[in-house]
Amino acid sequence: MSNLVALDHFVALPEHARLLGLDLGTKTIGLALSDVERRIATPLETIQRIKFRQDAAALLKVAEKHAIAGLVIGLPLNMDGTEGPRVQSTRAFVRNLAPLTTLPIVFWDERMSTLAVTRTLLDADASRARRAAVVDKMAAAYILQGALDRLGRLTADASEPEEDDYGMT
């Protein structure tokens with residue numbers, strides 16, 4: 001899986017290229033889109049899962065439509081950081097997706113994303129039906145925003161001149 005990369009690889013992506021965030025569920029795939037400056041994640045849509053081939057085709061069609069430069073996929077680790085069945089399922093999805101695309105793929109720890117989004121929706125007094133309709137794409141945006149924030153720090157660190165031992169540049 002040569003296109004599975006670390007987040008710092010995304011620093012070198014072309015300017016104005018968007019990223020696509022994914023929240024892989026058992027029934028749906030939530031999608032979120034970054035702006036061209038790669039600062040803000042916005043919920044995009046939800047793909048109803050059918051079978052892998054159809055899911056991958058729908059996902060790659062969205063990626064092509066929005067000129068995506070990389071994929072950020074939520075990795076559903078257990079609260080203690082261990083990997084359970086959902087992580088295995090996510091890794092299997094990526095293992096099968098990787099040969100179908102040249103896009104770089106990065107995993108992003110998604111612990112608490114759905115919970116945080118659900119709380120936000122409850123605070124906004126969203127109905128149960130409304131929450132069900134938007135939670136997956138909002139969780140994808142939460143995942144992508146975390147990666148974008150970290151990417152912004154990596155980019156800032158890379159552009160700062162190095163100091164010598166005396167604090168001089």
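Which residue takes a positive phi in the hairpin of strand 2 and strand 3? Select R38: its phi is near 55°, and the hairpin has 6 residues between the strands. Before going on, note that this is a predicted model, where local features need pLDDT of at least 70, side-chain atom pairs count only at pLDDT 80 or more, and totals for chains, interfaces and linings use all residues. Numbering starts from 1 along each chain as its sequence is written, and side-chain values use heavy atoms, with hydrogens and water left out.

Now colour by pLDDT (the predictor's confidence in each residue, from 0 to 100). The chain averages 86, with 79% of residues at 70 or more. Helix 1 (52–65) has the highest confidence, a mean of 97, and helix 3 (113–123) the lowest, 64. Helices here are DSSP runs of H or I with at least four residues, strands are E runs with at least two, and both are numbered from the N terminus.

Five of them make an open, mixed sheet, ordered 3-2-1-4-5; strands pair if DSSP finds at least two bridges between them. Strand 3 and strand 5 sit at the edges with a single partner strand each, so one side of each has no neighbour in the sheet. Zoom in on strand 2 (28–34) and strand 3 (41–48): they run antiparallel, joined by 7 bridges, and I29 has I47 as its bridge partner. Over at strand 4 and strand 5, the pairing is parallel, with 5 bridges; pick L71 and you'll find its bridge partner, I105, in strand 5.
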